[in-house]
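Please look over the sequence and the model shown here, and then read the report that follows.

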Amino acid sequence: MLMDKHGRSVSYLRLSITDKCNLRCFYCQGVRDPLVKHKEILRYEDMEKFLLVAESIGIKKVRLTGGEPFLRRNFWDFLEKLGKEFNNFDFRLTTNGTLIKSKKELLKLKELGFKGLNVSLDTFDKDKFLQITGSSYLNQVLQTIFWGLEAGLKIKINAVALKGLNDKELVDFANFAYKYPVDVRFIEFMPIGQKTRWKKEYFWSAQDILRQLTQEVEVLPLDSQEQTAGPARVFQISGGKGRIGVISPLSDHFCDRCNRLRITSQGRLRPCLFSDREYKLLALVRNPKLSLKHLEKVISLAIKHKPVGAHLLEKNKNKVCDSAMVGIGG
Ligand code: SAM
């Protein structure tokens, strides 16, 4: 496993499948850069080469994200290939859950070796859903969650914490996690991208969420080992099946434990979400004269110089980077 110069080992890759999304979420905007041409977007064979290098440098976990991964043409064929040829990885997937057509599809995903599915769901209210995502797919998203559970996938629900939009629904989310074996994680709204709508008024901090949670819901703290397994701090709901918690990239960052790398849909290696320092690897990965060893060298060097996002946050609280989440891969 490779280490950066701050002593962090990198074992987790987030691979963006596409920069397209069928939703226009309030916090993400989902609008791809119109100047990016199709040929500038990673092809599946490019992604496979990145995965080969990832394997050789000790990456263990790979999350497929985007944009909305299920919008990409022939995505199921790619998933099958990953299941057959890259089965050393712990594969995960992040989706908005609007394009899954049947439980059979999620059974297939499980069969291919995927253990879990992260589904974005910010509200249970259909009007709020329209307001936040610009769409009326709430029932489809819920159906995907239920199918996922039935298929035996570990379901994590990502809800972006938005004061004035979903802050009255904490108990509804807790009730959902009481009833179903899901992990609900409220993620602090991050000021990402030039067009971000981030404002202090919308910011609902992890601390406030947890304070409200412990006042309104009976939760049991998990043992400390489990709490630090990832960036989320999650709590079992007393007597319930699931857990609820927070991810606090702004108020209590976890940069000292960050083990992630991202490869954007344009084939740019992005070692830190908050830093626009990217390594343009598309031409390199497509160059038939260069071997994977060459790519490995560049990636290893980029890992060594992985920035610390918290330092950038300190400098500029209201806009951490220019690139939009839809292109980076959430
Ligand atoms: N289309 C997929 C989906 O909707 O889950 C994957 C891409 S989406 C960009 C991935 C995640 O990014 C979402 O779960 C959302 O919670 C998170 N996200 C996007 N913009 C964010 C922001 N400004 N602050 C916090 N989380 C954000």
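Asp46 is found in helix α1, where helices (H or I, at least four residues) and strands (E, at least two) are DSSP runs, numbered from the N terminus. This is a predicted model, in which local features need pLDDT of at least 70 and side-chain atom pairs count only at pLDDT 80 or more, while totals for chains, interfaces and linings use all residues. Residues are numbered from 1 along each chain as its sequence is written, and side-chain values use heavy atoms, with hydrogens and water left out.

With a relative accessible area of 2%, Asp46 is buried (under 20% relative accessible area, with exposed over 50% and partly exposed in between; 1.4 Å probe, protein chains only). Leaving aside residues up to four places away in sequence, Asp46 touches Leu282, Val285 and Arg286, a contact being heavy atoms within 4.5 Å. A polar atom of the Asp46 side chain also lies 2.8 Å from the backbone nitrogen of Arg43.

## The nonpolar cores

The largest nonpolar core has 74 residues, and those with the most contacts inside it are Leu64, Phe186, Ile244 and Ile299; such a core is a set of buried Ala, Val, Leu, Ile, Met, Phe, Trp, Tyr and Cys residues joined through side-chain atoms within 4.5 Å. Helix α1 (residues 44-56) gives the largest share of this core, six residues. Apart from it lies another core, of 24 residues, which includes Cys25, Phe26, Tyr27 and Leu165.

## Around the ligand

Of the 18 residues around the ligand, Tyr27, Gly67, Glu68, Ser120 and Met190 come nearest, a residue being near if one of its heavy atoms lies within 4 Å. Strands β4 (61-66), β5 (90-95), β7 (154-161) and β8 (183-188) each supply at least two residues of this shell.

A backbone N or O atom of Tyr27 lies 3.0 Å from a nitrogen atom of the ligand, and a polar backbone atom of Met190 is 2.9 Å from a nitrogen atom of the ligand. For Ser120, a polar side-chain atom lies 2.6 Å from an oxygen atom of the ligand.

## Pro249 in its loop

Pro249 has its place in the loop between β11 (243-247) and β12 (260-263), and is buried, with a relative accessible area of 6%. Not counting residues up to four places away in sequence, Pro249 touches Glu188, Met190, Phe254, Phe274 and Leu313. The C-alpha atoms of Pro249 and Ala310 are separated by 8.6 Å, although these residues are 61 residues apart along the chain.

Conventions
Polar contact = N/O pair within 3.5 Å; in protein donor to acceptor, adjacent residues only side chain to side chain.
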